[in-house]
Amino acid sequence: MLARRITAQTNARTAWMVIALCMALTLGAVGRGAAQAQDEAGFQNFLASLRQRAESSGRSPAAIEAVFSGLTLNARVIELDRAQPGADPNAPPPLFDPYRRTHVDAQRISRGRAVFAEQRAALARVERDTGVPGPILIAIWGHETSYGAVTGSFDIPRALASLAYEGRRRELFSGELLAAVDMVARGVPRDQLRGSWAGAMGNPQFLPSVYLRVARDGDGDGRADIWSNGADTLASIGNYFVDAGWRAGEPWGLAVSVPEALDRQMLASRIVSPRCPRVFARHSQWRTMAEWRALGLAPQSRPWPDDHVLATLLEPDGPGKTAYLLTGNYRVILDYNCSNFYALSVGLLADAVGS
């Protein structure tokens, strides 16, 4: 009898626990649904004001309708943006060599050489017109989208509108959404506006404003198709580099060995960059190649550039490891993506593809 009573009480408690859990889940779902509805309502209000801004600026009504029609909030885009890791200013910098091994790997080099051969005629035209070496163009394409294999599937206007609504970089993403309207007005099909969650598109991963500024027709068909046309992709990357100040005939940099006795404190830069300060803080003062040679540095694989070429020293993995002398053209690569690891890998991949 006692056992039956205990079992009955236990079953009753279990039943009540199940009921309470179901109620909590139901109330949670209701709460989330209400919050989502509130977010969507706020998003639509924000979108209406942004659309009015587009209309008052005199943009094409047809392009505005094509871009704004049917947009809804993409919560996933906001989640991805908020999940971006922040740099810990007190943490030691990671090592470059593991990054290099995964980004300048045999497969990327092999595919880059194949694309280089496929696009040889287009590369020759771009190099003639811009002065940017073909291997650099190929290396950017390879790093950004694995030569077009991974370009992103997010609807760009929806992603940009969601990021603008989120508010942390509202003006930036609002401006990019309006630039997407201008792209459609220029003749880019609305359904071609697909790319990464952060709004970058096509083989070179251009934001809409970048597309409007530097995208170029590389094969003479009257379109700047950075999504499926290799010639247009390469011409557009080349024009980006010209716009950022590429100097024809100057290398991006070179790997060097550094003598142990080098006075690094004497060479430390005292300048604080207003852009990407943590990236540029790792660079030394500028010296000519002749001055670096006099200090005992020695190239590891390529000959010295002209004596007058200026360069900074970067030792990404610390003293005793491979170091790099980096020219002004390296800074142009940083303009594409302000990361030393990215820019070094682009340069090294370009060297491997062109060898």
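One thing before you start clicking: what you have open is a predicted model.

**Stop 1: helices 6 and 11**

Select residues 120-130, which form helix 6, and residues 230-244, which form helix 11. Their axes sit 9 Å apart and pack at an angle of about 20 degrees, so these two helices are roughly parallel to each other. Helix 6 and helix 11 make a right-handed crossing. Now show the side chains. On the helix 6 side, the contact uses Ala-122, Leu-123, Arg-125, Val-126 and Thr-130. Helix 11 brings Ala-231, Leu-234, Ala-235, Gly-238, Asn-239 and Val-242. Colour the contact of helix 6 with helix 11 by class and you get seven nonpolar residues, three polar and one charged.

**Stop 2: helices 2 and 9**

Next, pick residues 61-68 (helix 2) and residues 170-186 (helix 9). Here the axes are 8 Å apart and the angle is about 120 degrees, which makes helix 2 oblique to helix 9. The crossing of this pair is right-handed. Which residues of helix 2 meet helix 9? Ala-63, Ile-64, Ala-66, Val-67 and Phe-68 do, and they face Leu-177, Ala-180, Val-181, Val-184 and Ala-185 in helix 9. By class, the contact of helix 2 with helix 9 holds 10 nonpolar residues, with no polar and no charged ones.

**Stop 3**

**Stop 4: along helix 7**

Move to helix 7, residues 134-145, and click on Ile-140, which is found there. Is Ile-140 buried or exposed? Its relative accessibility is 0%, so Ile-140 counts as buried. Leaving out residues up to four places away in sequence, Ile-140 touches Ile-237, Phe-241, Tyr-336, Tyr-342 and Val-346. Try the distance tool from Ile-140 to Ala-350: the two are 210 residues apart in sequence, but their C-alpha atoms are 8.5 Å apart in space.

With 12% relative accessibility, His-143 counts as buried. Setting aside neighbours within four places in sequence, His-143 is in contact with His-103, Arg-108, Tyr-342, Ser-345, Val-346 and Leu-349.

**Stop 5: into the loop**

Carry on to Ser-146, in the loop between helix 7 and strand 1 (154-155). Most residues other than glycine have a negative phi. Ser-146 has a positive phi, near 50 degrees, and is not a glycine. At 34% relative accessibility, Ser-146 counts as partly exposed.

Finish on Tyr-147, which also lies in the loop between helix 7 and strand 1. Tyr-147 is not a glycine either, yet its phi is positive at about 60 degrees. Is Tyr-147 buried or exposed? With a relative accessible area of 9%, Tyr-147 is buried.

Note on methods: Residues numbered from 1 in each chain as written. Predicted model: local features only at pLDDT ≥ 70, side-chain atom pairs only at ≥ 80, totals over all residues. Heavy atoms only, no water. Helix = DSSP H or I, 4+ residues; strand = E, 2+ residues; numbered from the N terminus. Buried < 20%, exposed > 50% of the residue type's maximum accessible area, 1.4 Å probe, protein only. Contact = heavy atoms within 4.5 Å. Axes fitted to C-alpha atoms, helices over the stretch in contact; angles between N-to-C directions. Parallel < 35°, antiparallel > 145°, perpendicular 65-115°, else oblique. Left-handed = near helix turned anticlockwise from the far one by under 90°. Nonpolar A, V, L, I, M, F, W, Y, C, P; charged D, E, K, R; others polar.
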